[in-house]
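Colleague: Could we go through this structure together, step by step? I would like to begin with the strands.

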Amino acid sequence: MYTDYIKPKEGVQFTDNNIPGTNRISYGIKLEYMSRGFETEFYWFDGFYPMPGLSLDSLYIPSSQDDDFRLLISRTPYRRQIAGLDLSFIPGRLVLRTGIYFSSSPMDRQKNDYVPFSQADWYGSIELTPGNFTIIAEYGGSRILEYTAPLSDAIIPGSEGFSDLPPMSPEEITGYTGQLISSFNRLINYQLKETYHSAGALVSYSNSNMTLKAELRTLYYFTTREIMLQPSLSYKAYDNIIIRIGFENWQGEDNSIFQLIHKRLNSINISLQANF
């Protein structure tokens, strides 16, 4: 999850909780229909989401400089129900795809602030294959259902975040910290705003004898002004040896997800693959 790539402030730790409750069963159903030039798929999933939610576990603010600040944040799995419909139209060498899905949780969000809001997501894409090129362009959108504005900034506070607070009781400080983490949980789930829009593209080229392949993947969030670029180049030197080189570049505005993780993910990758 994103928190694996975020460097926490001094005194801040993440802890992983077990799946809550006794019902730990996940299941899914998928129905497909395929005909010439058309495909459709309906799916339903009821289970635990792979990216757990964040909530306040414990907070200790020292009364003297001889002690250390400690903030423990729980990463707790939550149950998610997802229903979706995908459609594909294939007129000749052109592929058109669209779909919509709804996701929600049966867990009470008022009692479990690490559970995201229900939301609706949709997308549309086009795929072209002119000559040795493959071009895929996609638009995606989402709308948060039963949206309410966040109550605080979306940050994980460090010890310095409490130095300028007005006099508050321990209960008020705990509530304030819980609101900050709850808003940060909304940040990593892209639920700070009511509606989100994004676009992505893949451009790929392979030469005629399939020894050289160049790719460019890109993703841009219009709402949060975040961008990701992943160019790569691979060369098949021999039948069983492939050399790859590429890099990743993640950029975003201040206090965006891409800005928080870019130092860990921005990189140059070189690999040598040998098959025997």
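Colleague: Which residue in E9 is the bridge partner of Gln119?

Modeller: The bridge partner of Gln119 in E9 is Ile144. Please note that this is a predicted model, in which local features need pLDDT of at least 70, side-chain atom pairs count only at pLDDT 80 or more, and totals for chains, interfaces and linings use all residues. Residues are numbered from 1 along each chain as its sequence is written, and side-chain values use heavy atoms, with hydrogens and water left out.

Colleague: Which other strand is joined to E8?

Modeller: Strand E7 (residues 95-104) is joined to strand E8 (residues 119-128) by nine bridges, and these two run antiparallel. One of the pairs is Phe102 with its partner Ala120 in E8. In general, strands of a sheet pair through backbone hydrogen bonds, either parallel or antiparallel.

Colleague: What is the strand order in the open sheet of three strands?

Modeller: The order is E1-E5-E4, with mixed pairing. Strand E1 (12-16) and strand E4 (53-60) are the edge strands, each pairing on one side only. Neighbouring strands of this sheet are turned by 25° against each other on average, direction ignored. Such angles run from 0 to 180 degrees between N-to-C directions, and the axes are lines fitted to C-alpha atoms, for helices over the stretch in contact.

Colleague: How do E4 and E5 run, parallel or antiparallel?

Modeller: E4 and strand E5 (residues 70-76) run antiparallel and are joined by seven bridges. For example, Leu54 has Arg75 in E5 as its bridge partner.

Colleague: Which helix lies across E4 and E5?

Modeller: That is helix H1 (residues 170-188), which runs at about 155° to E4.

Colleague: What does Ile73 touch?

Modeller: Counting heavy atoms within 4.5 Å as contact, and leaving out residues up to four places away in sequence, Ile73 touches several residues, including Val12, Phe14, Leu54, Ile156 and Ile181.

Colleague: Changing topic, how many salt bridges are there in the whole structure?

Modeller: A search of the whole structure finds nine. A salt bridge is a side-chain nitrogen of Lys or Arg within 4 Å of a carboxyl oxygen of Asp or Glu. One of them joins Lys213 and Glu215, with the closest N and O atoms 3.3 Å apart. Arg217 also forms a salt bridge with Glu215, at 3.6 Å between the closest N and O atoms.

Colleague: Why does Glu215 count as buried?

Modeller: Glu215 counts as buried because its relative accessible area is 17%. Lys213 is partly exposed, at 36%, and Arg217 is partly exposed as well, at 38%.

Colleague: Finally, where is Asn207 found?

Modeller: Asn207 is in the loop between strand E10 (195-206) and strand E11 (212-221). The side chain of Asn207 reaches the backbone nitrogen of Leu212 at 3.1 Å, and a polar contact of 2.9 Å joins the side chains of Asn207 and Asn209. A polar contact is a pair of N or O atoms within 3.5 Å; within protein, one must be able to donate a hydrogen and the other to accept it, and residues adjacent in sequence count only if both atoms are side-chain atoms.

Definitions and conventions:
Pairing = 2+ DSSP bridges. Helix = DSSP H or I, 4+ residues; strand = E, 2+ residues; numbered from the N terminus. Buried < 20%, exposed > 50% of the residue type's maximum accessible area, 1.4 Å probe, protein only.
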